[in-house]
Amino acid sequence: MKGLVKGVGMLVFIVAVVGATAGIGVAAGLGNTVVLAGLTALFCFIAATGGPVRSDLVLLAGYAPVVVAGVAGPRLLGAVSDVAAIALLVVVVFTAALLPALGPRFVTVGLGLGMASVFGYGFQLTGTASAGQIIGAPALAVGVAIVLRLLLGIGDPGKPTREALADALAGGGRDTAERAVRLWLADRPRKWQSRVLGAGVRARATAAVLGDRRRTLTEDQATALGTILDAVDVELAQLAEAVRAKDAPDEIVAAARPDLVVDLPGETRRLVDELWSGVDAVREAVLTRDESVVDVPRQAVREALRHEAEGMLSWRSAQLRHAVRCALGMLLALVVARFRPGDPLTVSFLMTTFAVLQPEWRDTLSKAWQRVGGALGGAVVLALVLWLLPHDALLPIALVALLAGFPLMQSKPTVFNGCMVLLSVGMNSATKHLDARTLLVEYVLLMVLAVAIALLFGFAAVPGVRKPSLAERFTEAVDTTRALLTAVAATLSGETAGRRELGVRFRAAARAQQDLRAPEPGSKPPEAGQQAALDSAAEGLRGLAASAGALLLRGGSGPMAGFTSSAAQALHGSSAITAPDEPLDEEQRLVADTVIADVLRVRHAAPALAG
């Protein structure tokens, strides 16, 4: 029921966005391109959300010219040369498929860019349009997305950052800690948030290690430790709700803390003390809420993105190989579409091809089944409609399918795809006076062809590229990250590690971390229980690479050189890792806490992944 209500709300939002954009487009004289503008605005809004208002608006400022070129460019070039238009669109799709390698925030950016560009090329306009109108449509769409993002977030600009911090504190699922760090950096970093982030992720990582150690303890010791961990979960969940709130609470009622009634081994007891120390640090930060801004060099964010980009621009990068497969698949689909000029189903064919092609070949297979199953199911329903009802009923049924399908887009994608059959065939048959039966057969065949193209290139193995096992990929990711930390520690100590050597280390680490989660098609999937460990290890390794870049930007020897070296050693063994004894500033404390948490996260995942 909750998902249905959310789906209905999304439908209302979509109708409002499309209607408002189209209305503004009519007033602005965009003519036949108003529908293109309205639907493009939806794809732009996909990329417009996901972070704090300030960072989203900055991202949209750079996104705007790219999406205008991606939507308008191929259509304008098509009037001169079909080959040039197809070539430009393939380049745009290739770029969109590469963007997710820059981090989770860029997944929706790549998706929005790719969908908007493919839709802009395949959408059939009613009548003609001038070059100004074709350019104005995506420009208006981006403008509407910017205004909407501003209106939706102006009341509480920092809400996404606080929610990400709260999710990380509560231990809520995949990539929560990494997302919290990214949003904190993208927003104006507050001192209290940096303390919550550092102490919180360290406490969560320590709790995970202690939970794993229960298996090696006696029954009484394991029971006592379990009681402590349960109490920590309760208190962190309580603190997470306080972080989520817009205003600081007057007080937070302290949860009952159980006494440790049994003796624990020395290292385990030290970790318990460290765990409670982290919880206390979070509580103090939440209660005080020091709103002063932490001086984090903005170059740190740019450097992290640059290292990610350098890592993916290698033929050994799985993300680059996915982008190549995606571009080739779309190229074939566009060549097929070129032989069907004026076909109203072209946009559905192209969008399906793009949607099914996924970085993970298992996701490609899942998407393919959703499309094929939905198309066949929708075809059966529409065939019954054509048999039992008159042709005039097609348009009302298409609108009913739209209203019924959108609320199920995320919860039941196969049903949604079936509704889209009724919508596309019914709408085109009623408005363009085409034979519905012929159109239905053509639609099903095009969906099958689109899925076949996507599967062909989604499962295509690149010649000469072997398929390393999960254990091999994990080992390589750990080794390259350890080598990176060692090189950074040497640089901080005053040794002359060249810029070129550091660049090689960063690229190798970034590529290995990308490959850890995005294996070559046909690779053996993770076994039961390995997926959670894989997600945790990947998150920890990416965090360590980002921290390495932050350490280099600060420069100087100081206490962080020895700490970085000890982190590199601890990553590959069982040696303890603690923060430096020397006083640290706010940024150093955050980096140290984050590094400790990431090292513990990787070590905790190692037994399940090392093979």
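**Figure 1. Helices α19 and α22 cross at roughly 160 degrees, with axes that come within 8 Å.** In this predicted model, α19 spans residues 470–492 and α22 spans residues 560–571. Because angles over 145 degrees count as roughly antiparallel, α19 is described as roughly antiparallel to α22. The crossing in which α19 passes α22 is left-handed. On the α19 side, the contact is formed by Val478, Thr481, Arg482, Leu485, Thr486, Val488, Ala489 and Leu492. On the α22 side, Met560, Ala561, Thr564, Ser565, Ala567, Ala568, Gln569 and Leu571 take part.

**Figure 2. Helices α8 and α9 pack at an angle of about 160 degrees.** Helix α8 covers residues 176–186, helix α9 covers residues 191–213, and their axes are 11 Å apart. This angle makes α8 roughly antiparallel to α9. The two helices, α8 and α9, form a left-handed crossing. From α8, the residues Ala177, Ala180, Val181 and Trp184 meet Gln193, Ser194, Leu197 and Val201 of α9. The residues in the contact of α8 with α9 include six nonpolar and two polar, with no charged residue.

**Figure 3. Asp156 is located in the loop between α6 and α7.** Helix α6 comprises residues 131–153, and helix α7 comprises residues 159–170. The side chain of Asp156 is joined to that of Arg162 by a polar contact of 2.7 Å. When residues up to four places away in sequence are not counted, Asp156 touches Arg162 and Lys246.

Conventions. Residues are numbered from 1 along each chain as its sequence is written. This is a predicted model: local features need pLDDT of at least 70, side-chain atom pairs count only at pLDDT 80 or more; totals for chains, interfaces and linings use all residues. Side-chain values use heavy atoms; hydrogens and water are left out. Helices (H or I, at least four residues) and strands (E, at least two) are DSSP runs, numbered from the N terminus. A polar contact is a pair of N or O atoms within 3.5 Å; within protein, one must be able to donate a hydrogen and the other to accept it, and residues adjacent in sequence count only if both atoms are side-chain atoms. Contact means heavy atoms within 4.5 Å. Axes are lines fitted to C-alpha atoms, for helices over the stretch in contact, and angles run from 0 to 180 degrees between N-to-C directions. Angles under 35 degrees count as roughly parallel, over 145 as roughly antiparallel, 65 to 115 as roughly perpendicular and the rest as oblique. A crossing is left-handed if the near helix is turned anticlockwise from the far one by less than a right angle, and right-handed if clockwise. Ala, Val, Leu, Ile, Met, Phe, Trp, Tyr, Cys and Pro count as nonpolar, Asp, Glu, Lys and Arg as charged, and the others, Gly among them, as polar.
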